[in-house]
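Here are my notes on this one, point by point. Have the model open beside you while you read.

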Amino acid sequence: MTVYEFAKGLILEAGNNVKKIMKQDIEIETKSNPNDLVTNVDKATELFIYDTIKKTYPEHKVIGEEGHGHELTDTQGIIWVVDPIDGTLNFVHQKENFAISIGIYSDGKPYAGFVFDVMNDVLYHAKVGEGAFENETPLAPIESTTLKKSIIGINPNWLTKPKLEDVFKPIVDEARSARAYGSAALEIIHVATGRLAAYITPRLQPWDFAGGLIILNEVEGVGTDLQGQPLSLFRANSIVMANPQLHEELVYHHFPQNKEIIELIQQRLTGHK
């Protein structure tokens, strides 16, 4: 069994476990703020994925949202980047619109990505160089669009923040429309399937995008930070995921109009002053 096949079975099993645990009482805690939630299901799912990986591949490394591998600083070997429940607020309040996300990297290079829409029982997956799939149906390359003819994904909270509204409001105003789904992994998948033309955010952790980015790249989508630079697996990043034409329009036309603000965002994310 290849690592890809093993991971595919693992994420499906993890999703089935989530459905079983959901029938019990969900224990909710807060992390950095009252809206940053973690549940017993997040923790149990990450532990299950971590333990299963380590039993089969003890030499592999795991970075998980709920604490595993946060001390890692190099990309040597096989690294699994895991978000056990992406969209925890949706999970708590809606019992849907959340996903399990896994990205696998080998010596820093992408190997395979998985995003499991648990409640809809749809697995999006891709092995680099072999295309992307929705369950077992191949995904077609995404079509390019201009901003004026695009629906984009962005959290409306960013439009209320000082300085950030200067960057994002003109983009939303020019776009055909904007949506927010509450799960970064699923929003990236929406770009990969053409439901959205772009997904934009000033801050996103690696476990939120690692799986979806690999899938997006396999359908000729592009994912970088707001300055067009590659994304890091070891810190938060600003994010623009889009079809090729729209990515170029955003990175080389819209974002440079707010160069100083975007540079400040990047400095804060990298810890530079």
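1. Let's start with L226, which is buried at a relative accessible area of 1%. By buried I mean under 20% relative accessible area, with exposed being over 50% and partly exposed in between (1.4 Å probe, protein chains only). You'll find L226 in the loop between β13 and β14. Helices (H or I, at least four residues) and strands (E, at least two) are DSSP runs, numbered from the N terminus.

2. Before going further, the ground rules. This is a predicted model, where local features need pLDDT of at least 70, side-chain atom pairs count only at pLDDT 80 or more, and totals for chains, interfaces and linings use all residues. Residues are numbered from 1 along each chain as its sequence is written, and side-chain values use heavy atoms, with hydrogens and water left out.

3. What does L226 touch, leaving aside its neighbours within four places in sequence? The contacts (heavy atoms within 4.5 Å) are F168, I200, T201, S238, I239, V240, V251, F255, I262, I265 and Q266. Take V251 from that list: its C-alpha atom and that of L226 are separated by 6.3 Å, although the two residues are 25 apart along the chain.

4. Helix α5 (residues 184–192) is mostly covered, with 9 of its 9 residues buried. The list runs A184, A185, L186, E187, I188, I189, H190, V191 and A192. Just after α5, G194 takes a positive phi of about 85°.

5. Now the sheet. It is open, has 7 strands in the order β3-β4-β5-β6-β7-β8-β9, and shows mixed pairing. The edge strands are β3 (61–64) and β9 (137–138), each pairing on one side only. Two strands count as paired if DSSP finds at least two bridges between them.

6. Strand β5 (residues 99–106) has 7 of its 8 residues buried, so it is largely enclosed by the rest of the structure. On one side, strand β4 (residues 78–86) pairs with β5 in the antiparallel sense over 7 bridges, and V82 stands opposite I102 in β5. β5 also pairs with strand β6 (residues 109–117), antiparallel over 8 bridges. In that pairing A99 stands opposite D117 in β6, while the bridge partner of Y105 in β6 is P110. The hairpin of β5 and β6 has 2 residues between the strands, and D107 in this hairpin takes a positive phi near 50°.

7. Moving along, β6 and β7 pair in the antiparallel sense over 6 bridges, with G113 opposite A126 in β7. Their hairpin has 4 residues between the strands, and D121 there takes a positive phi near 55°. Strand β7 (residues 122–127) is mostly covered, with 5 of its 6 residues buried.

8. How many bridges join β7 and strand β8? The answer is 3, in the antiparallel sense, with β8 spanning residues 132–134. H125 has F133 in β8 as its bridge partner. Here too the hairpin has 4 residues between the strands, and G129 takes a positive phi near 85°.

9. Of the 273 residues, 49% count as buried. Among contacts between residues at least 6 apart in sequence, 62% join residues at least 24 apart.

10. Last, the surface and charges. The chain exposes about 12800 Å², with carbon and sulfur atoms supplying 48% of it; accessible areas come from the Shrake-Rupley method with a 1.4 Å probe, and for residues only the protein chains shown count as cover. The mean positions of the 25 positive and 37 negative charges are 3 Å apart. Lys and Arg count as positive and Asp and Glu as negative, while His and the chain ends are not counted; each charge is placed at NZ of Lys, CZ of Arg, CG of Asp or CD of Glu.
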